[in-house]
Protein chains: 2
Amino acid sequence: MAEAPAKRQMSSKEGPYELIYWGGMPGRGEFVRLLLEEAGADYTDTAHIENGVKEVLGLIDEGYKGDGDNPPPFAPPILRHGDLVINQTPNILLYLGRRLGLAGNESEGEGDSYRVNELALTALDGFSNEVHDCHHPISTGLYYEDQKEESIRRSKDWVATRLPKFLGYFERVLNSPSAGKGPWLHGGQLTYADLVLFQGLDGTKFQFPKAVGKCRAAGKYDKVFALYDAVLERPKIKAYLESERRQKYSLCIWRYYSELDVE
Amino acid sequence: MAEAPAKRQMSSKEGPYELIYWGGMPGRGEFVRLLLEEAGADYTDTAHIENGVKEVLGLIDEGYKGDGDNPPPFAPPILRHGDLVINQTPNILLYLGRRLGLAGNESEGEGDSYRVNELALTALDGFSNEVHDCHHPISTGLYYEDQKEESIRRSKDWVATRLPKFLGYFERVLNSPSAGKGPWLHGGQLTYADLVLFQGLDGTKFQFPKAVGKCRAAGKYDKVFALYDAVLERPKIKAYLESERRQKYSLCIWRYYSELDVE
């Protein structure tokens, strides 16, 4: 597979990027990491810095009032780049995607990046936000154990109705003329939407191994799983996933509870 | 001849914009409408076009494969503008916000729009997505009546923990130096994040009138409610809200059920 060429010369504006996120789990920060890793960008990550958690906590402290230009962030992941300190996962992804040549066809100006952004947002809705709520349907503030019955009910429904809906949607996108030759979602080239779909699916597979395995075996979503496999073969992604920088799944967005591992 | 080619005219940045959304309720389309109305933009809306629903259904039909450049949309709202057909509410808002001068300080280039985008995304998370899930915590595919007990449990928790969290966050943003003089969230000028916060709060007030009333009376979120009132006084918004174009709340994102109207 051909490597995507670097779209622009690295300039001082292109790095270094500072990712500010919890350590000890992939979480939403993982979407950002995969984009930075694929692009070979120069970045730091508080997950791997001693006392990095202090930086996260400082920026989301209720006493913090931003820095004059930047509002206080609501929650990590947070990206600092030059004068900009931004939060919200899809926001960071769009910002980086455009800078790192992963937001679609640049010859169309910024227009194509909105198509990529919409695909990323839908992948985040399905395979990150909705999957998270399968183990926290009542409250993010309560323990899982205190909403276990509701989680089981939601998970059964999600696996039966939403998992095929999202897989079916992305299979349709991959079969659409706008996808191009494949294996990618849009315009015949790798974009950050592909990386988001990969990570979302990887996390969903961790949470619902039986259901995702059954969907793969069913043969109805072959292009989605081919995309997943193609991301795994990207040399920089492969090296990243084998490195110590890739953290193990834990109590984050995607969680394994045997009673939720429904078919 | 100085005449521009037809395709270029169709792609004009000045509109007309075509909003493709369900009729009969404000829903997520309302965020888009408020932006277009405030800007005085030239737009059409399938909610007010005979057989407009057919256009919505055609674009989200499982047999639809996009148009060559644009992937098939996942769900409405959808915006068509020139060659671009995009979906996902925050994506449409960012696209329009930049074009219509509602995405922050343009003298900073596109950078400031990411700050506005993050505020809008957080307002959508809190006052649209999470509020919706208060009446559909188990499944979007089940009737409310089939998840009523879980809805009551979730609503009580949401009103107790998440409503003050989001209100407190935006109050903090409004008290931050990056907000400027007020009454707006960012940079001393109206942005689409203000309109999103207004609409989210308006819908949340419809769903949880007692709880929102109590929060207002508490005096802890005075700047948030001052922003809400200031949006109501924008001449174009005021005229819009008094017009027939503003649809009544119904069975959409925000719903009134007396048993969920908790304090």
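**Salt bridges and buried positions in a predicted model**

R80(A) and E18(A) form a salt bridge (a side-chain nitrogen of Lys or Arg within 4 Å of a carboxyl oxygen of Asp or Glu), their closest N and O atoms being 2.9 Å apart. This pair links distant parts of the chain, with R80(A) in strand β3 (residues 78-81) and E18(A) in strand β1 (residues 17-20) of chain A, 62 residues apart. Helices (H or I, at least four residues) and strands (E, at least two) are DSSP runs, numbered from the N terminus. The model is predicted: local features need pLDDT of at least 70, side-chain atom pairs count only at pLDDT 80 or more, and totals for chains, interfaces and linings use all residues. Residues are numbered from 1 along each chain as its sequence is written, chains are lettered from A and ligands numbered from 1 in the order in which they are written, and side-chain values use heavy atoms, with hydrogens and water left out.

In chain B, R33(B) forms a salt bridge with D45(B), with 2.5 Å between the closest N and O atoms. Both R33(B) and D45(B) are buried, where buried means under 20% relative accessible area, exposed over 50%, and partly exposed in between (1.4 Å probe, protein chains only). D112(B) and R115(B) also form a salt bridge, at 2.8 Å; because they lie three residues apart in helix α5 (residues 111-133) of chain B, about one helical turn separates them.

S151(B) is found in helix α6 (residues 148-174) of chain B and counts as buried because its relative accessibility is 0%. Beyond neighbours within four places in sequence, its contacts (heavy atoms within 4.5 Å) include H135(B) and L260(B).
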